[in-house]
Amino acid sequence: MNNIKLNLQYDGTEYHGWQTQKNAVTIQETVKNALEQITRGHVNLIGCGRTDAGVHAENYICNFHTASSIPPEKFPYALNAKLPSDIVCFGAEKVHESFHAKNSTVKKRYVYKIMRGEFPDAVMNRYAWHCKYPLDTDKIRDASKAFVGMHDFLGFASSGFTVKTTVREIYSLDILDEGRIITIDITGNGFLYNMVRIIAGTLAYAGCGKIDPDDMEDIILSRDRKRAGITAPPQGLCLKGVYY
């Protein structure tokens, strides 16, 4: 049996997230079905983590074991012939049998895009959160500094998570102002359920004056979800990279 690692890119707009669900079309199910057609065998497709409905990925990692004789480098060509146009496989390689797309992860990088302006944008609506209220980038940057480092992020997680600890380390959090688009670029050793979207919503609150940036450290320490901002909508979020 060969252990094959895949690199995927997808637009999550039309899908109910990564993980297979009953009565819903997901990325995992779509890729799994394509792989089973190609290999003519059962595939247990392991993803690097869950992405919610509407969330995108530029470099999503997954792996599966197969007895197929198809050379690893041929899988992207075979898969892309079976996959819809909003899911693309752009890399495949044979990895050590112990490699596990989720358990072997050491850090992940996400970006979240916020679109300023009175009116939405017909193109960017799928890839950014439209915020019509004025946002002060300097206040967002000031507030973002409190997140870097190791903290208990219980107050920045939605209910329903099943993890042993809510402590995570954020290695970097950068704010890029491109005029109409503000990009939040965040890298950490792991993220809780909806954590990046809640951080984005909280930073937006800081940017529009609903939260004082000087209070951010205390808000994190409080571990109180009610003190943080809203959960920003999914379309602004994109998984940029997974590291092993």
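A polar contact, the term needed at the first stop, is a pair of N or O atoms within 3.5 Å; within protein, one of the two must be able to donate a hydrogen and the other to accept it, and residues adjacent in sequence count only if both atoms are side-chain atoms. The model on screen is predicted, so local features need pLDDT of at least 70 and side-chain atom pairs count only at pLDDT 80 or more, while totals for chains, interfaces and linings use all residues. Residues are numbered from 1 along each chain as its sequence is written, and side-chain values use heavy atoms, with hydrogens and water left out.

**First stop: Asn 194**

Select Asn 194, which sits in the loop between E9 and H4; helices (H or I, at least four residues) and strands (E, at least two) are DSSP runs, numbered from the N terminus. Is Asn 194 buried or exposed? With a relative accessibility of 12%, Asn 194 counts as buried, where buried means under 20% relative accessible area, exposed means over 50%, and partly exposed lies in between (1.4 Å probe, protein chains only). Now show Ser 158 as well, and you will find a polar contact of 2.9 Å between the side chain of Asn 194 and the side chain of Ser 158. If neighbours within four places in sequence are set aside, Asn 194 is in contact with Asp 52, Phe 156, Ser 158 and Thr 231, contact meaning heavy atoms within 4.5 Å.

**Second stop: the salt bridges**

Side chains of opposite charge can pair when their charged atoms come close. A salt bridge is a side-chain nitrogen of Lys or Arg within 4 Å of a carboxyl oxygen of Asp or Glu, and by this rule the count comes to twelve.

Select Lys 5 and Glu 93, whose closest N and O atoms are 3.2 Å apart in a salt bridge. Because Lys 5 lies in strand E1 and Glu 93 in strand E4 (residues 87–95), this pair ties together parts that are 88 residues apart in sequence. Lys 5 is buried, at 14% relative accessible area, whereas Glu 93 is partly exposed at 38%.

Move on to Asp 121 and Arg 180, a salt bridge in which the closest N and O atoms are 3.6 Å apart. Asp 121 belongs to the loop between E5 and strand E6 (129–131) and Arg 180 to the loop between E8 and E9, so the pair ties together parts that are 59 residues apart in sequence.

Then select Asp 138 and Arg 141, which form a salt bridge with their closest N and O atoms 3.9 Å apart. These two are three residues apart in helix H3 (residues 137–144), so about one helical turn separates Asp 138 and Arg 141. Asp 138 counts as exposed at 52% relative accessibility, while Arg 141 is partly exposed at 32%.

**Last stop: the largest pocket**

A pocket is an open set of points on a 1 Å grid over the protein atoms alone, where a 1.4 Å probe fits, with protein on both sides within 12 Å along at least five of seven lines; lining residues have an atom within 4 Å of a point. The largest pocket holds about 910 Å³ of space. To find its centre, select Gly 49, Arg 50, Lys 102, Lys 108 and Phe 191, the closest to that centre among its 35 lining residues. Which helix gives the largest share of the lining? That is H4, with three residues.

Notes
Points joined across faces, edges and corners; volume = space filled by probe spheres on them.
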